[in-house]
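Visitor: I've got a structure to look at. Can you walk me through it?

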Amino acid sequence: RGFLHSKEHMFWAESAQTFPKATSSFVFSYIISTLVVYWLMVPAFNWEFCAFAICVVFALVSFIRTNQTDPGFVPPDWTPDVNTAREEKLDGEVRACVKCEVHKPDRTHHCRRCDRCILRMDHHCPWTNNCIGHYNLKFYLLLLTYGFLGLTLFLHQNFSHISDYWYGTKDTNWLFIIYYLFSVFMNFNLGALGGIQLLFAIQNRTTIEFKEQTRSFLPSVYDIGIIGNLKQVLGDDAKFWWCPFYGHVTDEGVYFPHFGET
């Protein structure tokens, strides 16, 4: 379900702006730089380096797929089912987008940045220069996960250089110290954001829905159990949940079972 195959949304291929944005270019460069800095500071081919390299590769692939995967658009022939739709306007009418001139399925929202409606929209991420929605939420979650794991290994393996500098036993390049401290900051944010996104996935909740519920962690109306919730994000085949190379959600993203439905 790539956006390049949809005539109705060919403009998306032109306006996606894959890497020109400074923020997404920075993230792309930073992921690669960690591998280079790690090898320069700890030129040892051991299990930690192998694990770190795998995390970097997986984070890089996850970043590219988050950036390049269309988060999901409303099918042009879709019509709402009043019997299954849960979300409606205040007057009881079905939800519709006046800008896109389409009916909006449950959990669909209009993104001002992308100028289109996004299925199961979570938020617009400037760091990946794309909306996070139904079809790329898995890759975004894997990006945060592998980024956090990779940076944790990086910080652990290179802590000795900071310790040597602190106790004055060995000179350490001050540029590396700045890079290390920045990585600590990045890892803290990745861990916090990744933890929140994982919690939302387990609860079958989006960032927008969390804000609409006045930032409450009350049970989501779409919560169908942990396994069912994760399948909606990571795919039906659990053995590929960890893999950014494979695994796409197969449903249309226009209907979501409600809590208590069988």
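This is a predicted model: local features need pLDDT of at least 70, side-chain atom pairs count only at pLDDT 80 or more; totals for chains, interfaces and linings use all residues.

Visitor: Fine. With those classes, how does the lining of the largest pocket divide?
Guide: Into 20 nonpolar and 6 polar residues, with no charged ones.

Visitor: What volume does that pocket have?
Guide: The largest pocket comes to about 540 Å³.

Visitor: And which residues lie nearest its centre?
Guide: Val27, Trp127, Leu144, Met186 and Leu190. They belong to a lining of 26 residues. Helix 2, helix 3, strand 5 (123-125), helix 4 and helix 6 each give two or more residues to that lining.

Visitor: Which element has the largest share?
Guide: Helix 4, with 7 residues of the pocket lining.

Visitor: Let's step back. How many helices and strands are there?
Guide: The protein has 8 helices and 6 strands. From the N terminus the order is α-α-α-β-β-β-β-β-β-α-α-α-α-α.

Visitor: How much of it is buried?
Guide: Of the 262 residues, 47% are buried.

Visitor: Which of its residues are buried?
Guide: Ser24, Val27, Tyr30, Ile31, Ser33, Thr34, Val37 and Tyr38.

Visitor: What do the buried residues of helix 2 pack against?
Guide: Helix 3, helix 4 and helix 6.

Visitor: New topic. How many salt bridges?
Guide: The count comes to 3.

Visitor: Start with Asp70. Which side chain does it meet?
Guide: Arg116, in a salt bridge of 2.9 Å, N to O. Asp70 lies in the loop between helix 3 (47-68) and strand 1 (96-97), and Arg116 is in strand 4 (residues 116-118), so the pair ties together parts that are 46 residues apart in sequence.

Visitor: Are those two buried or exposed?
Guide: Asp70 is buried, at 2% relative accessible area. Arg116 is buried as well, at 2%. The cut-off for buried is under 20%.

Visitor: What's the story with Glu209?
Guide: The Glu209 side chain meets that of Arg107 in a salt bridge, 2.7 Å from N to O. This pair links distant parts of the chain, 102 residues apart. Glu209 is in helix 7 (residues 207-212), and Arg107 is in the loop between strand 2 (102-103) and strand 3 (109-111).

Visitor: How accessible are they?
Guide: Glu209 counts as buried, at 7% relative accessibility. Arg107 is buried too, at 0%.

Visitor: And the one with Asp237?
Guide: Asp237 pairs with Lys239, at 2.9 Å, N to O. Asp237 is partly exposed at 31% relative accessibility, and Lys239 is exposed at 55%.

Visitor: What lines it?
Guide: Arg120, Asp122, Leu137, Leu141, Gln197, Phe200, Ala201, Arg205 and Thr206. By class, that lining has 4 nonpolar, 2 polar and 3 charged residues.

Visitor: Which helices supply at least two residues?
Guide: Helix 4 (137-157) and helix 6 (174-203). Helix 6 gives the most to the cavity lining, with 3 residues.

Visitor: Last one. Where does Asn173 lie?
Guide: In the loop between helix 5 (159-167) and helix 6. Asn173 counts as partly exposed, at 45% relative accessibility. Asn173 and His161 are 12 residues apart in sequence and 9.2 Å apart in space, C-alpha to C-alpha.

Key. Residues are numbered from 1 along each chain as its sequence is written. Side-chain values use heavy atoms; hydrogens and water are left out. On a 1 Å grid over the protein atoms alone, a cavity is a set of points where a 1.4 Å probe fits but cannot get out, and a pocket is an open set with protein on both sides within 12 Å along at least five of seven lines; lining residues have an atom within 4 Å of a point. Helices (H or I, at least four residues) and strands (E, at least two) are DSSP runs, numbered from the N terminus. Ala, Val, Leu, Ile, Met, Phe, Trp, Tyr, Cys and Pro count as nonpolar, Asp, Glu, Lys and Arg as charged, and the others, Gly among them, as polar. A salt bridge is a side-chain nitrogen of Lys or Arg within 4 Å of a carboxyl oxygen of Asp or Glu. Buried means under 20% relative accessible area, exposed over 50%, partly exposed in between (1.4 Å probe, protein chains only). Contact means heavy atoms within 4.5 Å. Grid points are joined across faces, edges and corners, and a volume is the space filled by probe spheres set on the points.
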